[in-house]
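Subject: Structure handover, with notes on the contacts

Dear colleague,

Please find the structure below, followed by my notes on what was found in it. I would be glad if you read the two side by side.

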2 protein chains.
Amino acid sequence: MFSEQCYEWGSKRSVIRELFEYGKQRAAVVGAENVYDFSLGNPTVPAPDEVGEAIRDILVTETSIQIHGYTSAQGDAAVRKAIADYLNQTYGTNFHQDNFYMTCGAAASLCIAFHALVESPEDEIIAIAPYFPEYKVFAEGSGAKFVMVKPDMENFQINIEALGEAVNEHTRAVIINSPNNPSGVVYTEETIEKLAALLNKKSSEVGHPVYLVTDEPYREIVYDGIQVPFVTKYYKDTIVCYSYSKSLSLPGERIGYILVPDEAAESRRLYLSVCGAGRKLGYVCAPSLMQQVVARCQGKVGDINAYKENRDILYDGLRKLGYECVHPDGAFYMFVKAFGGDSEAFSEKAKEFDLLLVAADGFGCPGYVRVSYCVDKAMIERSLGAFAKLAEAYR
Amino acid sequence: MFSEQCYEWGSKRSVIRELFEYGKQRAAVVGAENVYDFSLGNPTVPAPDEVGEAIRDILVTETSIQIHGYTSAQGDAAVRKAIADYLNQTYGTNFHQDNFYMTCGAAASLCIAFHALVESPEDEIIAIAPYFPEYKVFAEGSGAKFVMVKPDMENFQINIEALGEAVNEHTRAVIINSPNNPSGVVYTEETIEKLAALLNKKSSEVGHPVYLVTDEPYREIVYDGIQVPFVTKYYKDTIVCYSYSKSLSLPGERIGYILVPDEAAESRRLYLSVCGAGRKLGYVCAPSLMQQVVARCQGKVGDINAYKENRDILYDGLRKLGYECVHPDGAFYMFVKAFGGDSEAFSEKAKEFDLLLVAADGFGCPGYVRVSYCVDKAMIERSLGAFAKLAEAYR
């Protein structure tokens, strides 16, 4: 009687959410401090002070209509200009305000981009494992077929050969996510260059541009001076999907953007298609107050060092205990190889020690679990004993 | 190369927006005070003080994660409970928090509801003229066929016979909007009862429930003690789509809800379908700060009396000049009969006197124009001279 597909998507909890809900119930029994919940990717670092200051100042200096009134559908022009200016200063790019369409976060950005690109049920959208599971929902929701490319199991960069085999004349977009959820890896410049070369070659072969959609909510969450290549400088047919959820710790506020550079093939037509997709999906404009807040907070981030400390405690601690860990260069997730090889069984076993670790099968990467370290530092320290017991259980 | 449909929706400006943009250009030439822009439906009354107070208080008393963190997909439970309690107290209903799904405004509510309900391309969604033109975009965007039922030209209630002919086994939903944009009319209790009786009869005939989607952003914008029937009390298979854009003057903030009552057929299944549709369309949760703001502002409204004063000046003023006007009982629009019968020609002629009046053809109601009186009162007073000249031009 209803959309069967929407009923499925609404009634089946994600593996992550399932684990989180289990953790809440367990916490009620044994106490929250005795449950080591590494399941969710919710930023624990507070929003930088500039966010609250911006809100307070806006409330005092602007009228109700200026603060809360409709903005144009693509977002306030001054806000878009502030973002363009910031990116140009930071990355040496050459954007202007009309390259930007403000959105209600990264999920909205991705959905709008997919709906803008997808024309027929034969269209395909490719994601590279390990990938964020919601990409499948967004892609299928846009009417496309979702295609997963197997991971580069050595370095968690891109398996370029596998990607080359997957791209065909039906491919509308290839999604990348770097810094990566769930692996914590940052694609190197070499990887981006190889990707660009491949996509250029494939675009010629199939006779039309293969767009690259780069999902970048973790762009500023990087450690040790690692550089995150700004993808539009490497491949022209790139659509950037950004969100302030992680950098400004505003995940509930739903604020981000789609960036369609002038250099992208049929840039204006694509941009208008994005506008039409936003209209189609019921997005009238991005939240007005938050548009102004992010404009005032360009270049600001929350306390990344807190995530770094967590990363170090976790990485060093687990390695000492014999775990094989992928060293995270960005985001706030660590990929840990499952003892015994079966990540779902490993995740189940971990629960016996009240460790909540997400099996990465749903991310397209069996054999690994994702450990989110956007958590209380003290919890990581407390958890090492449980990790020790888990390791022991496999000896 | 892209979605042709999305490109169309993104590149074709609405008649309303076209007129508004013309008005801005004209204002640059003759001065804004000399352009009588009745085109847009943007609330001019500021948000009630309680909104700013709520924001300031929340910033002071809650942590960053409490304010800006993800809420559950359907919205914070305490927020939903506050809304349920308010509706129950006000309308004598019996809702609980799990009847509510918080959304990014009415457009989001409608799109999510349609995507939840629509299963196949044969499905139909019916709107009753005059109707808000975006319903067509939302309905077609969900994959359904959009069906318009001709207006009740006498009273702008519902042409029940015409509606009865339009409902068939493909009908997934009938949309109503009362208080109405663009007519300003409020459906009487008798109309709602007749509608319910018809839909009950039709549901039996076609063998499945015909859902009623009631789009209610103007519910609190009513004058003269007019009662707006709470539709769920009359027809059980009702889905309420609400927004705080107009009542709290927060159109840019994108905050509202979908209400699926327990009494609706397959209520839990429908609710989960709504959740899945929200997920499909990229709506992770409604903006978190605003969820808390509206919870604290239940029962509050902006200064409705300001709209009423405008209405009175406009209605009385135009009637004295010989215009035939539909008396508005709610919302902030007035329907005015076009001199000469051709509303598009009338709208063009009005521009000669710098009057911007939207031809209601796009709302399914040729022969009328929509005059938005959510404007500066002084502008209405100044405009009467121009209206006089326009009337003179037709004598």
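Contact here means heavy atoms within 4.5 Å. By that rule, 73 residues of chain B are in contact with 71 residues of chain A. Please bear in mind that this is a predicted model, in which local features need pLDDT of at least 70 and side-chain atom pairs count only at pLDDT 80 or more, whereas totals for chains, interfaces and linings use all residues. Residues are numbered from 1 along each chain as its sequence is written, chains are lettered from A and ligands numbered from 1 in the order in which they are written, and side-chain values use heavy atoms, with hydrogens and water left out.

The interface

The area buried between chain B and chain A (the accessible area, with a 1.4 Å probe, that the two lose on being put together, summed over both) comes to about 6,000 Å², and carbon and sulfur atoms give 59% of that area. There are 4 salt bridges between the two chains, a salt bridge being a side-chain nitrogen of Lys or Arg within 4 Å of a carboxyl oxygen of Asp or Glu. One such bridge joins the side chains of A:Arg269 and B:Glu4, at 3.2 Å from N to O.

Among the elements that give two or more residues to the side of chain B that touches chain A are helices H1 (4–11), H6 (106–117) and H10 (267–280) of chain B, where helices are DSSP runs (H or I) of at least four residues, numbered from the N terminus. H10(B) gives the most to that side, with 9 residues.

A helix pair across the interface

H10(A), residues 267–280, packs with H1(B) at an angle of about 90°, their axes lying 6 Å apart; axes are lines fitted to C-alpha atoms over the stretch in contact, and angles run from 0 to 180 degrees between N-to-C directions. The two helices are therefore roughly perpendicular, a term that covers 65 to 115 degrees. Residues meeting in this contact include A:Arg269, A:Leu272 and A:Cys275 from H10(A), and B:Glu4, B:Tyr7 and B:Trp9 from H1(B).

A helix pair within chain A

The axes of H12(A), residues 304–320, and H14(A), residues 377–393, come within 10 Å and cross at roughly 10°. H12(A) and H14(A) are therefore roughly parallel, which is the term for angles under 35 degrees. Among the residues that meet here are A:Ile313 and A:Leu314 in H12(A), with A:Ile380 and A:Leu384 in H14(A).

With best wishes

Definitions and conventions:
Parallel < 35°, antiparallel > 145°, perpendicular 65-115°, else oblique.
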